[in-house]
Amino acid sequence: MSSGRWGGPVSGAPRTNTRDIARAAVRAELAEVAFGLFRRKGFDNVTVNDLAAAAGVSRSTFLRYFGTKEDAVLSAFDTHGERIAEALRVRPAAEGDWRALRAAMDVVVGPYRQDPEGALALARLVRETPALCARQLERQRTWHPLLEQALAERAGPSGASALARSVKAAAALDCLNIAVDHWTASDGVLDLIALLDGAFAALSA
C-alpha cells in the first residue's frame with residue numbers, strides 16, 4: 001500500500017530514490033496492519049508489541065516508523081495541511097477567501113468517495129478514541145499557520161489582517177471537523193460534500 005487511507009501520498013515530498021520509496025511502502029504497510037488490528041480489537045486493547053508482532057517486525061523497527069500507536073493511525077492525515085494550503089494558493093485571485101477555503105477542502109474530502117467504507121472506519125476510530133481525537137486536534141493546530149500563510153499570499157499586502165486570516169483558517173477547519181462528525185454519526189448515509197457545503201454556508205456573510 002502506497003497511499004494514505006483517505007487519499008494522497010503518505011508523504012508530500014517527491015520520491016527521489018529507492019530508499020525513500022521503500023521506506024514509504026513499509027510505513028504504509030505498517031499503518032495498514034495497525035489499522036486492521038485496531039478495528040478488530042479496539043485501540044486501547046492493542047499494544048505496540050501487538051502491532052509489531054502482527055506486522056512481523058521487532059518493536060524497535062515499528063517504533064522507527066511510528067513513535068506512538070496514535071501516529072500509526074493519524075499518519076493518514078500527515079499531508080492534509082500542506083495539501084489544503086497548496087490548493088488554496090492556486091484558487092483564482094478574484095475569488096473570496098471563504099469560497100476559496102471551501103474549494104480547497106475538496107482535496108481532502110474528495111477521496112472519501114473513493115473508499116467510503118475505509119474512510120468511515122477511520123473517522124469512527126478517531127472520533128471514538130479520546131487519545132486519537134485529542135492528538136488529531138493537536139495536529140490540526142499545525143495546519144492553521146499553513147492556511148493563514150496561503151491566505152496572505154493570495155491577498156497580498158492589501159489583504160485581510162492577520163487576525164482575520166487566523167479566524168478564517170480556524171473556522172474552515174472547524175467546518176471540516178463538524179461535517180466529518182455529522183457524516184460519521186450518520187454511518188456514511190449523509191453526503192459529506194453536502195455537509196461541508198452546509199457548514200460553510202452557515203458561516204457565509
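**Close-up views of a two-domain chain**

**View 1. Three salt bridges are counted between domain 1 and domain 2.** A salt bridge here is a side-chain nitrogen of Lys or Arg within 4 Å of a carboxyl oxygen of Asp or Glu. Aspartate 71 pairs with arginine 139 in a salt bridge whose closest N and O atoms are 2.9 Å apart. The model is predicted: local features need pLDDT of at least 70, and side-chain atom pairs count only at pLDDT 80 or more, while totals for chains, interfaces and linings use all residues. Residues are numbered from 1 along each chain as its sequence is written, and side-chain values use heavy atoms, with hydrogens and water left out.

**View 2. The chain is divided into domain 1 (18–74) and domain 2 (78–203).** These bounds come from an automatic or database domain assignment. Taken over C-alpha atoms, the centres of domain 1 and domain 2 are 26 Å apart.

**View 3. Domain 1 and domain 2 bury about 1,100 Å² between them.** Buried area is the accessible area (1.4 Å probe) that two parts lose on being put together, summed over both. Carbon and sulfur atoms account for 65% of this area. Phe35, Glu70 and Leu74 supply 50% of the area that domain 1 buries against domain 2, more than any other three residues. Eleven residues of domain 1 are in contact (heavy atoms within 4.5 Å) with twelve residues of domain 2.

**View 4. UniProt, in an unreviewed entry, lists residues 24–84 as "domain: HTH tetR-type".** UniProt positions are given in the numbering used here, feature names are shortened, and annotations may be inferred rather than shown by experiment. This span, residues 24–84, is 72% helix and 0% strand, and its end C-alpha atoms lie 21 Å apart. Helices are DSSP runs (H or I, at least four residues), as are strands (E, at least two), numbered from the N terminus. For residues 47–66, the unreviewed UniProt entry gives "DNA-binding region". Residues 47–66 are 75% helix and 0% strand, with end C-alpha atoms 13 Å apart.

**View 5. Aspartate 187 has a positive phi of about 60° although it is not a glycine.** Most residues other than glycine have a negative phi. Aspartate 187 sits in the loop between helix H11 (162–185) and helix H12 (192–202).
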